[in-house]
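Dear colleague,

I am passing on a structure for you to look through, and below it you will find my notes on what was found. Please read them with the structure open beside you.

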Amino acid sequence: MNTSKPYTLVRKAEPYLWILPSIILMSIFIIIPIGFVFRMAFSEVTKAGLVKGFAGIENFAKVLKSAKFGLVLKNTIVWTIMVVVLSTVLGFILALLLNNEFKGRKIARAIVVFPWATTLVIQASVWKFIIDIDYGALNTLLKTLGIISSNVNWTPTPEAYFGWEIACGIFVTIPFVCFTALSGLQSIDSSYYEAATVDGAGYFQQLFNITLPLVKPSLTVATVLNIIYVFNSFPIVWTITKGDPASRTDTLVTYLYKLAFYNGKQGEAAAVSVIGFLILLVCASVYMVSTLKKGED
Amino acid sequence: MKKLIALLLALVMVIGLVACGNNEAPAADAPEAEAPKADAPAADAPAASDEKVTVTMIAAQYGNETADWWVGFEEKFEAANNGIDLVVDVVSWNDIYTVVNTRIANGEAPDLLNIDVFADYQADGLLLPAEDWVSEETYAKFFPSFLEQSIVDDVVWAVPDLASARALYYNADILEAAGVEVPTTWEELKTVCEAIKAYDAEIYPWGVDMTTDEGQACFAYYAWNNGGGFVDEEGNWTLNSAENVEAVNYIVGLVKDGLTNTDPTTETRYDLQEMFASGKVAMMIGPNQISKYCEANGGINYGIASLPTNGDKAGASVGVMDRIMCFDNGYTDAEMAAVTAVVDAFYDDEPYAEWVLMEDFLPATSSGNELCAQANPGMAAWIDVIGSAKFYPAAKAEWADVKLGVIDVLQQVLLGEDAQTMLDDLQADIAG
Amino acid sequence: MNDNIRVNWQKLLSRIVLYFVVALVCITILYPYFVMLLTALKSRTEIFSINGTVFPIDVMWSNFADIWKKAPMAQYMLNSIIIAGGSTAIAMVCGIPAAYALARMKFKGQTAFLGFIIVSQMFAPVVLLIGIYKVMQVMGLTNSLLGLIFINAAFNQAFTIWLLRGTFMSISAEMEQAATIDGCNRIQAMFKVLLPVAAPGIVTTLIFIFINAWNEYTVALCLISTDTIKPLTVGINIFNGYNIIEWQYLFAASIFAIIPVVILFMSIEKNLTSGLTAGGVKG
């Protein structure tokens with residue numbers, strides 16, 4: 001683009017016209033609703049959901065005072081880190097495999113897409129069905145195969161339940177990561193590898209010195225969006241345990257859902273979501289400052 | 001490649017256009033869908049020639065046939081009442097609170113709502129007293145004890161649409177094989193459970209549901225049959241009474257002794273019902289629907305009995321009641337009359353009995369009772385049970401907190417916390 | 001000689017390992033679908049029987065036929081296609097110019113705009129419901145497909161813009177400049193030169209939006225009350241009753257819901273990966 005030409009007013013305004021439709025769309029349908037959340041977070045809200053006046057930080061104070069909040073926050077952080085990190089690692093390894101030429105690759109890739117093409121509520125329902133101790137499909141299968149003789153309790157503790165929920169989260173997130181990574185892999189010029197082979201570099205040396213650095217940028221944006229989506233994910237935990245027992249498997253979103261719609265505390269629920277937003281904002285800002293700046297320059 | 005893209009883009013555009021077109025279509029084909037919104041501004045503007053009065057309603061989806069039944073009701077009602085346009089939106093129980101709260105928060109409350117709770121709406125002054133919108137003739141049909149459950153400040157704010165009561169369901173074959181009788185006390189219950197476990201370790205002797213779904217019922221089953229409960233005679237919260245502590249310890253004890261299903265905090269009443277019908281659970285407390293359910297699914301040999309009590313303490317069944325309420329949407333006389341017409345038509349003996357039978361609940365009106373008892377002899381016994389049932393203190397403003405509170409207590413105690421401490425904390429939280 | 005044999009052995013071994021691992025992964029991924037299909041073919045009694053079997057004893061193909069009778073599945077599916085298709089169209093119409101401006105022009109507030117996009121994603125839809133409903137109420141779009149189309153388009157702007165921006169940046173601007181010299185204006189140059197080259201990235205984005213909109217549940221649930229305009233995700237709730245959840249129907253309906261998406265994917269899989277390449281590298 002030629003930047004030496006003097007900018008006229010029209011030229012200066014032009015970029016804004018190009019982004020205008022997108023800004024309008026997002027402002028009306030997302031930013032205004034976000035405004036409502038903030039209003040509620042600082043308002044006194046009746047159980048039926050009517051806003052009755054300014055409440056200052058009372059909602060936040062109540063939330064932070066609650067004995068459950070710390071536990072729920074810890075769960076959310078464990079959930080987000082486990083799902084994002086493991087799905088990224090596994091998705092990346094799967095992408096490395098699928099990047100090889102082999103018979104049936106097209107079918108294998110199509111299969112990887114499956115978990116993405118199914119609504120989360122249904123996915124979670126199926127998993128709940130699979131791990132059930134009494135009529136679960138996994139026990140039935142293992143019994144039929146003769147691997148176990150009586151039903152195994154796959155979820156003896158709340159932690160085990162949470163583990164399964166995390167596994168389910170990873171399962172549904174892998175396709176997204178896999179395809180993002182796969183695209184990055186395919187863009188790598190094969191001459192890099194040829195040169196490295198001549199230099200006598202082994203497979204793992206090539207992986208760490210060539211592949212990873214080149215794929216990294218393609219994964220960063222995807223990872224940030226992924227963190228946001230996983231942090232706010234609702235259907236998996238809700239379908240499998242609803243946060244039971246005693247909030248041991250609650251994340252912020254299931255917790256605030258119960259506050260809002262089971263307990264009639266919509267002001268506090270809004271406060272929880274604002275706290276979640278601030279956490280994400282801090283994480284994203286750190287990312288913005290480091291990765292994005294580097295990329296822009 | 002290019003062709004493919006072009007084709008796709010074209011397809012997407014076409015679909016987009018169809019979508020815009022289609023959005024208009026339902027308005028034309030099905031005026032009832034768009035009418036309420038269209039009517040709102042029209043009310044201020046000069047009225048069109050023959051304007052219809054619209055009544056909107058949100059109804060809870062009790063079963064697979066609920067939605068169909070309401071469609072039929074709408075058609076019949078509109079045929080009989082030319083000037084009224086009835087719009088019923090049937091919403092599943094999973095989602096009804098989300099849907100209703102979203103609409104209320106936006107000032108778009110339905111005219112009539114069929115749901116379980118009412119106190120929160122009443123507290124915000126959103127409801128009209130039942131006298132305003134229920135005709136005298138219909139009002140006279142309800143059992144007074146049911147109407148009492150919806151009183152706040154001496155005014156009845158909602159009318160019952162149906163009721164359900166809980167009883168002990170047992171698998172007669174399993175009990176016989178294990179050589180035991182139906183338990184009537186807590187002590188017997190434990191002995192029977194142990195005998196069943198000794199007979200076949202694969203069977204869960206006792207079904208327990210402590211989930212967020214309906215854990216408060218579990219609390220009530222044991223608290224009420226131990227002389228405890230949520231409130232005292234004057235209506236003060238008594239959550240940490242000695243009876244309640246004993247009740248919580250008793251039921252958690254059964255779970256810890258391995259006499260129940262493995263996962264009471266995630267296995268809901270529906271899971272238990274499936275397992276009872278397939279002979280995996282020997283006994284459970286449940287509503288009358290289980291009978292029909294068992295008969296439709298394999299037909300085990302089941303029996304029904306009263307809930308076991310602690311020693312010789314007075315027993316009580318747990319009654320559950322849902323309601324119909326009317327929101328104060330600033331009605332004209334014509335609109336109010338239309339609402340009354342809908343309510344009258346719904347509680348008209350024949351359609352009402354048909355509805356209650358279809359949903360397999362218990363009727364809330366005396367005339368409905370007679371018709372239902374005629375059609376289904378099994379119901380007569382249940383109608384007696386509901387007569388002795390206690391109801392949740394749902395008219396109290398703190399009820400939602402108490403409900404989730406006792407569920408949390410059960411789950412915490414199961415995880416090893418102390419029942420007394422937990423209930424003390426809850427009591428302090430609610431009443432303190 | 002020895003070396004050659006060893007290399008061949010190594011090659012063969014790595015092939016075997018590759019096939020083994022890929023097969024294992026595919027089986028794991030397909031397992032829930034296998035369970036879904038077999039459950040959809042069982043009767044209620046069999047699903048919850050104590051001595052369950054992996055395969056149905058009585059194969060109930062009728063379950064698949066029943067759902068079409070018990071619910072207007074075709075109507076639901078059409079609604080879902082309209083919502084997903086319409087959202088995709090609007091998201092692209094708004095997203096392509098924005099991505100183009102970000103990739104090809106320099107202006108104040110560029111980084112702020114990118115930040116704004118990310119921030120827009122930070123609230124769970126379930127939290128935004130009340131505000132969304134209010135907006136729709138003001139615009140007269142509650143209980144309409146058009147409202148859902150706008151919402152899904154807006155929710156997917158972030159992904160659309162970030163992905164397309166990367167795609168456009170990875171394509172050299174020279175050709176468009178040449179076209180401009182030939183007398184095209186910027187918009188013509190974009191349509192004639194840039195978009196055809198960026199096709200893979202565009203296809204990728206289409207798929208992403210389409211799937212996300214196809215799977216959306218929460219907002220549709222609250223906005224749509226008329227049965228005839230419900231999307232599939234909300235419509236199949238009819239099998240989720242107060243006393244009974246009809247698993248066999250729920251799963252049978254879900255299998256139908258997967259088919260259109262998987263077909264779309266398979267027909268487009270090749271473009272998908274090359275498209276993401278462009279989007280990713282400069283992202």
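Chain C is divided into domain 1 (2-40) and domain 2 (67-281), with bounds that come from an automatic or database domain assignment. Please keep in mind that this is a predicted model, in which local features need pLDDT of at least 70 and side-chain atom pairs count only at pLDDT 80 or more, while totals for chains, interfaces and linings use all residues. Residues are numbered from 1 along each chain as its sequence is written, and chains are lettered from A and ligands numbered from 1 in the order in which they are written.

The centres of the two domains of chain C, taken over C-alpha atoms, are 34 Å apart. In chain C, 4 residues of domain 1 are in contact with 6 residues of domain 2, where contact means that the C-beta atoms, placed from the backbone, lie within 7 Å.

As for secondary structure, chain C has 15 helices and 0 strands, counted as DSSP runs numbered from the N terminus (helices: H or I, at least four residues; strands: E, at least two). The radius of gyration of chain C, at 24 Å, is well over the 19 Å that the globule rule gives for 283 residues, so chain C is more spread out than a compact globule; this radius is taken over C-alpha atoms, and the rule is 2.2 Å times the number of residues to the power 0.38. Along its principal axes, the C-alpha trace of chain C spans about 80 × 75 × 30 Å.

Between the other chains, 26 residues of chain B are in contact with 20 residues of chain A, and H19(B) gives the largest share of that side of chain B, 7 residues.

Best wishes

Terms used
Two residues are in contact if their C-beta atoms, placed from the backbone, lie within 7 Å.
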